[in-house]
Amino acid sequence: MAPFDPIHNLSLWLAYGLFLVIGMGFGAALELSGFGDSRKLAAQFYLKDMTVLKVMFTGIIVAATLLTLSSAFGLLDFDRLWVNPTYLWPGIVGGLVMGVGFVIGGFCPGTSLVASSTLKLDGILFASGVAFGIFVFGESVDSFQGFYQSSFMGRFMLTDLFGLPMGIVLTLLVLMALMMFYGAEISEQVFGQGKKLSEVSFVPSLRLKAVAAVVLGLALFATVLGQPTTQDRWERIAEAEQTKLENRDVYVHPGEVVELSQNATIRVTTLDVRSERDFNLFHLMCAKHVKKEQLTDPDYVRKLKGAPDNQVWFVMSNDEQEATEAYRTLRAQGLVNLYIIEGGVNKWLSIYPPDPCIATPFPKETKVEQESLRYAFSQSVGARSYSSHPGCPCKEFPTDCFLATHKDTHKRPTITRDESLPKLEYERKVKLKVKAKPQGGCG
């Protein structure tokens, strides 16, 4: 699903050419709207000409409506859209500084560039001031870094502020914009044209009525339609994904997981969906314990989706059933480079067995329920076992029973288990295009 990435989907120069055309189009739209004239821009502060408000809020409600509908129809994964993180108080101060500069200079940074492109002296002077201000900020930001990074709220939107669904927030936003458009028309008649209140027409223009009907109708439609649930999203991709599951294309042999963990250009992280008890008994070195409710938590999934492109995710349970369900849930929400560790923890321990003083397998005749651990642990070792990271160096004793099973060791050297790794044959299934800067090791 969108958003599109021209740099990776097109050649570099074609992508740059596309950016240039879009930028020139945006600049031309601003110039044609009169935004290259500081007098027209400043007129809004005197309530005489509200073009800036109309154009900006038109852009806001059109974009918001299209994004909401695109997400509702499954054309867009909203989590993949970049939203500037919120730093509350620095943002408020920065907004005030920019607003005061706008009032005094008659431009904002963007419109000053539009004016400069047509060689307007006031635009050139303002743009020069912007460049100087950027230089001063860059040289002095270290002196107030604490405030600059304060009150961080992350990806914070109106839906988070009011705790309302996206469609309802969109409808309220559209209603607010329409009221502002209506007020702007009256303001322009009173302050721009000098009419008395008795001469002002309080009946909205036909154009405003038409725009209001269309946009408000779309917003209400988006509200009724609602945003897709995880089940809705899975149904849209179920045919292709179910084929992968049936063909076992996404079930990766533990040997390949170990191999990828030793690749410095790939980030490997295991999402362990077992109970906290089983996780504490034993888990892989690069594992993160994930509760079932986290799998459908938008904030948590958004963090997973924000990982670099060279990140590979593995889902793991004691067998495969719970891991497969977790895979379906995460894939439905758009997480890519996602695989399941074949056979789960039980198969992993059968290939990379722990020391007997740590755990021993149940006898074969023992009946064990599905998704139950088939090993009896004498203690909780977590990732402090060579079975957790076979082939990787260990700089400390993994368990208290290390000396009991390695009596020839009298000190604590860095020990590598590469030589003791079993020779395995398996089909490599992970397909990953490394696009991000290499960052190996645990994610």
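## Buried charges, salt bridges and an enclosed helix

Arg274 is buried, and so is Asp272; buried here denotes a relative accessible area under 20%, exposed over 50%, and partly exposed the range in between (1.4 Å probe, protein chains only). Arg274 and Asp272 form a salt bridge, with 2.9 Å between the closest N and O atoms. The term salt bridge requires a side-chain nitrogen of Lys or Arg within 4 Å of a carboxyl oxygen of Asp or Glu.

The model is predicted, with local features requiring pLDDT of at least 70 and side-chain atom pairs counted only at pLDDT 80 or more, while totals for chains, interfaces and linings use all residues. Residues are numbered from 1 along each chain as its sequence is written, and side-chain values use heavy atoms, with hydrogens and water left out.

**Overall form**

The chain contains 18 helices and ten strands, assigned as DSSP runs (helices H or I, at least four residues; strands E, at least two) and numbered from the N terminus. Its radius of gyration is 30 Å, well over the 22 Å given by the globule rule for 443 residues, so the chain is more spread out than a compact globule. That radius is taken over C-alpha atoms, and the rule is 2.2 Å times the number of residues to the power 0.38. Along the principal axes, the C-alpha atoms fill a box of roughly 95 × 50 × 40 Å. Of the 443 residues, 39% count as buried. The accessible surface comes to about 25,600 Å², and 63% of this belongs to carbon and sulfur atoms; the areas come from the Shrake-Rupley method with a 1.4 Å probe. Among contacts (heavy atoms within 4.5 Å) between residues at least 6 apart in sequence, 71% join residues at least 24 apart.

**Salt bridges**

A search of the whole structure finds 14 salt bridges.

| Pair | Closest N to O distance |
|---|---|
| Arg274 and Asp272 | 2.9 Å |
| Asp319 and Arg374 | 2.6 Å |

The salt bridge between Asp319 and Arg374 links distant parts of the chain: Asp319 lies in the loop between β6 and α16 (321-332), and Arg374 in the loop between β8 (359-361) and β9, 55 residues apart. Asp319 is buried at 11% relative accessibility, whereas Arg374 is partly exposed at 32%.

Glu259 counts as partly exposed at 32% relative accessibility, and Arg428 is exposed at 53% relative accessible area.

Six of the eight residues of helix α17 (residues 344-351) are buried, so the helix is largely enclosed by the rest of the structure. The buried residues are Gly344, Val345, Asn346, Trp348, Leu349 and Ile351. They pack against α13 (254-261), β6 (311-316), β7 (338-341) and β9 (375-377).

Val52 lies in helix α4 (residues 51-72) and is buried, with a relative accessible area of 9%. Leaving aside residues up to four places away in sequence, Val52 touches Phe35, Leu41 and Gln44. Val52 and Phe35 are 17 residues apart in sequence, with a C-alpha to C-alpha distance of 7.6 Å.
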